[in-house]
Amino acid sequence: MPTFKPESKPESKPEPGEKAKSRPKPQSGDNRRGAVAGLIIAILILGVGWWLARDLTAASKMQDCLMSGRRNCNVIEPAR
């Protein structure tokens, strides 16, 4: 059984008068920009989640107070 060898691609040589094509260098700023954007989005989601949790907890406490039959369920803050 004959074995097949993969053919190697010949390297393209620039013709006389043409410049050799070089690979573009990746910009490090693009990588950081994506990471910073992701971090900002994560912080924003955490902030909204924290605010929503506080608001729902306060509403739940108010509802528990009202369902127990009390009339004055407002939060009383001490005077400073």
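A disulfide is a pair of cysteine sulfur atoms within 2.5 Å. The structure described here holds one disulfide. This is a predicted model, in which local features need pLDDT of at least 70 and side-chain atom pairs count only at pLDDT 80 or more, while totals for chains, interfaces and linings use all residues. Residues are numbered from 1 along each chain as its sequence is written, and side-chain values use heavy atoms, with hydrogens and water left out.

The chain has one helix and zero strands (DSSP runs numbered from the N terminus: helices are H or I with at least four residues, strands are E with at least two). Helix α1 covers residues 28–67. Of the 80 residues of the chain, 2% count as buried (buried means under 20% relative accessible area, exposed over 50%, and partly exposed in between, with a 1.4 Å probe and protein chains only). The chain exposes about 9,000 Å², of which carbon and sulfur atoms supply 59% (areas by the Shrake-Rupley method with a 1.4 Å probe; for residues, only the protein chains shown count as cover).

The disulfide joins Cys-65 to Cys-73, with an S to S distance of 2.0 Å. The link of these two residues is left-handed, with -85° about the S-S bond. Cys-65 is buried because its relative accessible area is 10%, and Cys-73 counts as buried at 11%.

On the surface, Leu-44, Val-48, Trp-50, Trp-51, Leu-52 and Leu-56 form a nonpolar patch with about 690 Å² of accessible area together (patches are made of residues with over 30% relative accessible area and no salt bridge; like charges are joined within 9 Å, and nonpolar side chains, Val, Leu, Ile, Met, Phe, Trp and Tyr, within 5 Å; a salt bridge is a side-chain nitrogen of Lys or Arg within 4 Å of a carboxyl oxygen of Asp or Glu). Trp-50 lies in helix α1 and is exposed, with a relative accessible area of 56%.
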